[in-house]
Each structure stands twice: as structure tokens, then as C-alpha cells.
Amino acid sequence: MRSLAVSRDADGVVQVEMTRPLMDAPMIGELADTFESLGDSPEAKAIVLSGQGAVFSTGVDLRRVMRANQGRAEWSVADARAFARMLWLIESCPKPTIARVHGVVAGGGIGLVCACQFVVASDDASFAAIETAFGDIPAVIRPYLVSTVGKQQAQRLASSSTRVDAHQARTIGLVQTVVPRSELDAAAKALATFLGTVPMRQII
């Protein structure tokens with residue numbers, strides 16, 4: 001089963017949907033390859049990243065990672081590098097990228113949000129860097145979180161697993177637009193369609 005469902009409409013807006021909330025190695029690899037490929041595609045004008053089902057993304061399976069990491073430092077380093085490469089490919093994608101966010105966004109899912117250029121969230125969305133609850137630190141996503149919300153807010157979120165709702169997330173700069181859930185698809189599509197007509201040099 002593929003980790004992503006990818007489709008493109010007549011306006012060149014590409015929808016990249018994660019088919020499950022937990023990210024594993026195959027999904028991380030698919031996300032990296034997909035954004036790298038779309039960045040080189042002249043047919044892709046803008047990219048919307050979203051999650052299927054009830055939530056956007058709950059990040060990686062931290063229990064599995066912690067079990068696998070026991071006594072296997074080389075596995076941990078390789079896993080972190082793969083995740084870091086995926087985030088970098090999303091952030092550096094030359095096409096406008098939009099995170100279409102609903103439900104829970106946790107752990108590495110926050111990294112996905114921060115790596116995208118724009119974030120449109122439904123009013124039921126909530127965000128939490130949950131790594132500290134498992135005795136870990138969100139090291140790979142930290143630079144993206146700091147860049148997005150600033151050092152103090154990043155420290156607060158990363159050190160306490162504090163959960164913030166969509167409106168709080170907009171206040172601290174994690175989200176730009178909050179809409180009712182029923183309007184989320186239309187809002188993300190309208191923004192993507194507009195951005196697809198604007199040269200990137202005018203966006204950045």
C-alpha cells in the first residue's frame with residue numbers, strides 16, 4: 001500500500017495526501033521523492049500537503065523508534081538523516097507549498113507544517129510536540145520550529161509537550177489562516193491556485 005495519494009487538477013495544483021497518520025520509513029522516503037520530483041515538474045504549479053482520515057499527522061511512531069534505537073546508534077542516525085532530508089526537500093521545494101491541516105498535528109507532523117511555506121488549518125486543529133513525553137527531544141524539527149515561531153515559543157512547545165489549538169497556533173505564527181472545517185478544502189485550493197499564478201520570486 002502506497003503511503004501517499006497524489007493527484008493534479010487542471011490548474012496545476014498537486015494534492016499530496018498522506019494515507020495514514022503515523023509516518024514510517026516508506027512514507028518518509030515517498031514524501032522526499034515526491035517533493036523532489038514535483039519541484040522539477042513544469043506541470044506542478046503549487047503543492048498542497050494533507051492527511052486522510054481524522055487527523056493531519058501524528059508524526060513517527062516514537063515507541064517503535066525508541067525500541068529500535070536501543071543499542072543501534074547507526075540506525076538512529078540513518079533514520080534521523082532520512083527524516084531531515086525529507087523536511088529539507090519540502091522546505092527547499094521551488095514550488096509554493098501549502099499544509100492543509102485538520103485534527104491532530106503531533107511530533108514530526110509539526111515539522112511537516114513548518115517545512116511548508118503556507119499553512120491553512122481548520123478550527124478543530126491542535127498542535128503538540130510530544131517527543132518529551134517519551135523522554136526524547138524534537139531535535140530534527142527544532143530548526144524548522146524555531147524558524148517558524150521563534151526561539152522562545154519553540155522552547156515552550158518543545159520542552160513541555162504543550163498542546164495549542166488552531167487560533168493559538170495562528171497567534172504564534174505556526175498557522176497563517178484558520179477556517180471552519182467545512183471551508184478547509186476551498187481555502188487551501190483557492191490559495192494554491194492563486195500562488196500557482198505568481199512567480200516564486202514575488203512570493204519569497
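Good morning, colleagues. The model is a predicted one, in which local features need pLDDT of at least 70 and side-chain atom pairs count only at pLDDT 80 or more, while totals for chains, interfaces and linings use all residues. Residues are numbered from 1 along each chain as its sequence is written, and side-chain values use heavy atoms, with hydrogens and water left out.

I begin with the overall picture. The protein has 9 helices and 11 strands; these are DSSP runs numbered from the N terminus, helices being H or I of at least four residues and strands E of at least two. Of its 204 residues, 46% count as buried, meaning under 20% relative accessible area with a 1.4 Å probe and protein chains only. If we take contacts (heavy atoms within 4.5 Å) between residues at least 6 apart in sequence, 69% join residues at least 24 apart.

Let us turn to the sheet. It is open, with 6 strands in the order β1-β2-β4-β6-β8-β11 and mixed pairing; two strands pair if DSSP finds at least two bridges between them. At the edges are β1 (4-8) and β11 (177-179), each of which pairs on one side only. On average, neighbouring strands are turned by 20 degrees against each other, direction ignored.

Which strands flank β6? On one side, β4 (residues 46-51) pairs with β6 (residues 97-101) in the parallel sense over 3 bridges, and Leu49 stands opposite Ala99. On the other, 4 bridges join β6 to β8, again parallel, with Val101 opposite Ala121. Strand β8 is largely enclosed by the rest of the structure, because 4 of its 5 residues are buried.

Now the helices. Helix α4 (residues 108-115) lies across β2 (13-18), β4, β6 and β8 (118-122), and runs at about 140 degrees to β6. Axes here are lines fitted to C-alpha atoms, for helices over the stretch in contact, and angles run from 0 to 180 degrees between N-to-C directions.

Helix α1 (residues 25-39) has 15 residues and should span 21 Å at 1.5 Å a residue, which agrees with the 21 Å between its end C-alpha atoms; the expected span is 1.5 Å times one less than the number of residues. At its start, a side-chain oxygen of Asp24 reaches to within 3.0 Å of the backbone nitrogen of Met27. Met27 is itself among the buried residues of α1, which also include Glu30, Phe35 and Gly39.

Methods:
Buried < 20%, exposed > 50% of the residue type's maximum accessible area, 1.4 Å probe, protein only. Polar contact = N/O pair within 3.5 Å; in protein donor to acceptor, adjacent residues only side chain to side chain.
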